[in-house]
Number of protein chains: 2
Amino acid sequence: MPAPAPYRLIADELRTAILTGRLKPGDRVPGENTLMEQHGVAKETARRALATLAAEGLIETRRGSGTFVKAFRPIRRRGTKRLAQSQWGEGRSIWEADLDDRPMTTDRLEVGEVDCPPHVAPLLGLEPGARVVMRNRRYLVDGEPVMLAVSYLPAALAGGTRIAEADTGPGGVYARLAEVGAGPVWFREEVRVRMPLPEEAEALRLGPGSPVALIVRHAYAEGGRPVEVNEMTLDASRYLLEWEFPA
Amino acid sequence: MPAPAPYRLIADELRTAILTGRLKPGDRVPGENTLMEQHGVAKETARRALATLAAEGLIETRRGSGTFVKAFRPIRRRGTKRLAQSQWGEGRSIWEADLDDRPMTTDRLEVGEVDCPPHVAPLLGLEPGARVVMRNRRYLVDGEPVMLAVSYLPAALAGGTRIAEADTGPGGVYARLAEVGAGPVWFREEVRVRMPLPEEAEALRLGPGSPVALIVRHAYAEGGRPVEVNEMTLDASRYLLEWEFPA
DNA sequence: AAGTGGTCTAGACCACTAC
DNA sequence: TAGTGGTCTAGACCACTTC
């Protein structure tokens, strides 16, 4: 058993302090200079210990200010209940069910008719190059971005309706779909998790050690007809995801 | 606009090569020495570029051997697997091309009656310190660990049955529960994502840049009685999670 | 033995934040 | 302006894998 590297020992010590609660969320963590002194190591070594914890998502560094224990305040996202008919049938936003106290706002809304991206076309049962209505937006809680979402609907269905406008009206997209006889009756959600690409990290203001969850929701109308594909990118460290279903 | 740090430029270049497919999964990535030469930087700088990509989960380093592009071959986990795929778009996935269908084995099985962990007791509707049957195991695909799972069932229900034995018999735990009139009729799954703790990283053989998904499955019998809590820890980079449900 | 990744140092300079 | 984090270097030594 070789002796663990010094930077690992330092990281272990700090990690224990954080996980046992001796260092609480928001607390200042000993910085580079302090660690150099206390452990008698070079700056790069101290930095490596801190970089390790940052990569684990336990701390966050603020240039010029210090190093701190990261906070975790999850947002609850109920996959099942929030989409229940009763929720969106009565002029309520599907996001209301999500809110768990804190209101969600949107940002960077982009709506328009475009050529369907090739990876989405087969999911909507469309020919390559068919037209779709795209809705792109960013969601924020407390002014901080927490999710990106792009949804696609066949233009044959959604074009010319309020779905193609910025304000979709009471009940949102699904209520409008129902009005044209294409209300969703079944959903499927696929979830993948990975570290963010640089653009995603930027759009969600993610530091190192913050994974993203990619949720793709497929909405089907009566007869199994796909009516929407929604690709969501979440700051995974801020979410608690939930689904329920019968045995 | 300050000039980006050299290590970032190198990382960007390699990242682009990987994301555009010029470097494919399994390919050798230029190593420390090569990068030092090609870009005229010091070793630590080249290392930092590689460490960045490793933290993003794009590459993996093998000591003494080289640096390689990481593979992504997800395992599909269906939360709700009982409904026919024939309807509802045949379960087509955005990530379909990558799907993986290999058999799973288990490992490190531990079964026994223990005091209920404090965070689990309220979920099972038990007094603190009540006895539960615990089943702990690790799942492997191709001999590689992909998931850890611990489940808890009230000892009053499962004690003395085959649930408390290594081999639970045909149909598994849920079939045995059904035999004592406590078959699950409803499930709830909660999902959290974060970077792994060192023990988790070790048990799942995770390198840097590999997040874990924590799935807590609650099983309820008739009347809403909780009969099982199952805590799963997945190598999130290897899974495609899926749930479906009616509107 | 050669090649590759892993760790460490001592000192330098820069950029940002807080006072 | 002082303190904190961010980046870089040149060279050293170690550990592991491959042949």
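Me: In this predicted model, contact means heavy atoms within 4.5 Å. How many residues of chain A are in contact with how many residues of chain B?
Reply: A residue counts once a heavy atom of it lies within 4.5 Å of a heavy atom across the boundary. The two sides are counted separately. Chain A contributes 52 residues, and the residues of chain B that they touch number 47.

Me: How much area do chain A and chain B bury between them?
Reply: The size of an interface is often given as the accessible area lost when the parts come together. Of the area buried here, 66% is on carbon and sulfur atoms. For chain A and chain B, the buried area comes to about 4,600 Å².

Me: Which three residues supply more of the area that chain A buries against chain B than any other three?
Reply: Together these three residues supply 18% of the area that chain A buries against chain B. They are Trp186(A), Arg192(A) and Phe245(A).

Me: How many salt bridges does the rule find across the interface of chain A and chain B?
Reply: The rule requires a side-chain nitrogen of Lys or Arg within 4 Å of a carboxyl oxygen of Asp or Glu. Glu242(A) and Arg188(B) form such a bridge, with their closest N and O atoms 3.9 Å apart. Across the interface of chain A and chain B, the number of salt bridges is 6.

Me: Which element gives the largest share of the side of chain A that touches chain B?
Reply: Several elements of chain A each supply at least two residues of this side, including helix H1 (6-19), helix H3 (43-55) and strand S11 (239-246). By class, the side has 30 nonpolar, 9 polar and 13 charged residues. The largest share, 11 residues, comes from S8(A).

Me: Which helix of chain A holds both Glu44(A) and Arg47(A)?
Reply: The side chains of Glu44(A) and Arg47(A) meet in a salt bridge, at 4.0 Å from N to O. These residues are 3 apart, about one turn of the helix. Both lie in helix H3 of chain A.

Me: What is the phi of Arg108(A)?
Reply: Most residues other than glycine have a negative phi. Arg108(A), in strand S5 of chain A, is not a glycine, yet its phi is positive. The value for Arg108(A) is about 50°.

Me: How far apart do the C-alpha centres of domain 1 and domain 2 of chain A lie?
Reply: The domain assignment of chain A gives domain 1 as 6-69 and domain 2 as 75-242. The distance between their C-alpha centres is 38 Å.

Conventions
Residues are numbered from 1 along each chain as its sequence is written. Chains are lettered from A and ligands numbered from 1 in the order in which they are written. This is a predicted model: local features need pLDDT of at least 70, side-chain atom pairs count only at pLDDT 80 or more; totals for chains, interfaces and linings use all residues. Side-chain values use heavy atoms; hydrogens and water are left out. Domain bounds come from an automatic or database domain assignment. Buried area is the accessible area (1.4 Å probe) that two parts lose on being put together, summed over both. Helices (H or I, at least four residues) and strands (E, at least two) are DSSP runs, numbered from the N terminus. Ala, Val, Leu, Ile, Met, Phe, Trp, Tyr, Cys and Pro count as nonpolar, Asp, Glu, Lys and Arg as charged, and the others, Gly among them, as polar.
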